[in-house]
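Subject: Structure for you to look at

Hello,

Please find the structure below. My notes on it follow.

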Amino acid sequence: MKLHLPIEARLRNAESALRKAQERHRLALRAGGLGSWELDLSTMMLETSEGCKVNFGLAPHDELPYSRLMEMMLPEDRPAMQASVKRAVETGEGYQAEYRIRRPNGQITWIAAYGRPFFTADGTPEIMLGTTQDITDRKHAEAERERLLAEARAARDEAERAVHMRDVFLTLTVHDLRTPVTAIRGRAQLLQRRLVQMQLPADDRQRIEEGLDWLEASTTQMEVILAELQDVALLEIGRPLELKFAPANLVALARSSIEQIRPQTDKHHICFDTPHEQLYTTVDANRIDRVIDNLLSNAIKYSPEGGRVTVSLAMEPEWAVLSVSDEGVGIPAGEHELIFQRYRRGTNVTNSFEGIGIGLAGARQIVEQHKGSMHVESQEGKGSTFTVRLPV
Ligand code: ADP
C-alpha cells in the first residue's frame, strides 16, 4: 500500500479541496444575501463580489471603487462608519457598521457591513476583508415597531390623562352636588318640625307630611349614593378617605345590614351568629356599614343557587372580628389576593356575573384606614368566608 501520493496528486487534491471550500463559501454568502469585499489598505483599491454589488443596487459588471462606495453612503452616516474602520485597523479587531446608501435609482436602503483587517508579518495593516448585507427590510420592520410602540405609548398616556380628568371631574361634581342635596334635606326636616306647630286641616297636614317624609328619605338616599361615589373617586385618584370616627355598636350595624338585605332574596337563609348583645368600637359607622353591605351583597350575588349566608361577630383580645360566609361559587386558588385589587375579578365570575370589581378594593381601603385587616378564605365551588378585623 502506498502511503505517500505523488506531489502532483496531492496538489490536485488540495486544489479540489480549495475549490470546494470556495464554492461552499459562495453558497453560504448567497444563501444569506451577503456580499463579500476586499480592501487593499495601502492603495484603497476595493474588490467586491457580485452579491456585494447587488446589495448596492448595481449590476454585476458595474464598478464599485471605494470612492463610489463612500459617495453612495449618506453623508450623515459616513463619520460613524469611517470611525469604526479606523478603530478596527488600530485594534486589529473586526468591526460592524450599519449605514444607509442611495442606490443609482435613488432608493435609500440599509447596509450592514462586517470587516476585519489583516496585517503583514511586520504588523503593517495590509487588507481588510468583509461582508455586506442588505438589511432594509429589518430596519423598516424595526422602525415600524418603534412607530407602533410610540403610538401605543401615546394612546396609553392619553387614556390615563382622560381617566384622571374623569376622576377629578367626578370628585368635583360629587362635592358640588352634596351641598345642595344636604341643604334640601335640612330644609325638609325644618319644615317637618314647623308643620307640627301649624294649624292645618288634618287632610292637608297628612299630605304635606307624606311629601316631606318622601323628600327627606329621597335626599338621604342621594346623600348615601353621593358619599359612596365620592369615596370611589378618592380611591381612584389615590387619596385617603376622610373618616369620621365615633363609638358605634357593631352588633347593631350588622343586624341592620342583614335586615335591609333580607327582603332582596328568598333563596338564601341569612343568619347572624354572635354571643354579644352589643360590641362597641370607634369607627366611621357609615363606612363600616358600607363594608358589611358590600360583603353581604357579594355573598348573595355569588351564591346564585342560594344556601346559607352567615354573618358572625366575635371578639379576640384586641380585635372585633366580623365574618361573612356563603356556600356559593367561591374564588379560584391563586386569585384570593387579586380580587382585592381595583377592577380585578375572579376568572370564574367574569362572564357570568355582573360587576366591575371595585367594591372589595374600596372595602379593604376603609378597613385598613381603621388600622384593621380584611382577608378571604375560599374554595372554588364550595363557598367563601370574608373576615374583617377592627381594633377595639
Ligand atoms: P364585583 O362584585 O363588582 O366584581 P367586588 O370588588 O365586590 O366587585 O368583588 C371583586 C371580585 O371578588 C368579584 O368579581 C368576585 O370574583 C370576587 N368575590 C367577591 N365576593 C365573592 C364571594 N362572596 N364569592 C365569590 N367570589 C367573590
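The shell around the ligand is made up of 10 nonpolar, nine polar and two charged residues. Here Ala, Val, Leu, Ile, Met, Phe, Trp, Tyr, Cys and Pro count as nonpolar, Asp, Glu, Lys and Arg as charged, and the others, Gly among them, as polar.

Before the rest, two notes on the source. This is a predicted model, in which local features need pLDDT of at least 70 and side-chain atom pairs count only at pLDDT 80 or more, while totals for chains, interfaces and linings use all residues. Residues are numbered from 1 along each chain as its sequence is written.

In total, 21 residues surround the ligand, and Y302, R345, G346, G355 and G359 are the closest. Helices are DSSP runs (H or I, at least four residues), numbered from the N terminus.

Helix α8 also packs with helix α7 (residues 250-261): their axes come within 10 Å and cross at roughly 45 degrees. Axes are lines fitted to C-alpha atoms over the stretch in contact, and angles run from 0 to 180 degrees between N-to-C directions. The two helices are therefore oblique to each other (angles under 35 degrees count as roughly parallel, over 145 as roughly antiparallel, 65 to 115 as roughly perpendicular and the rest as oblique). The residues of this contact divide into nine nonpolar, two polar and two charged.

Regards

Methods. Near = placed C-beta within 6 Å.
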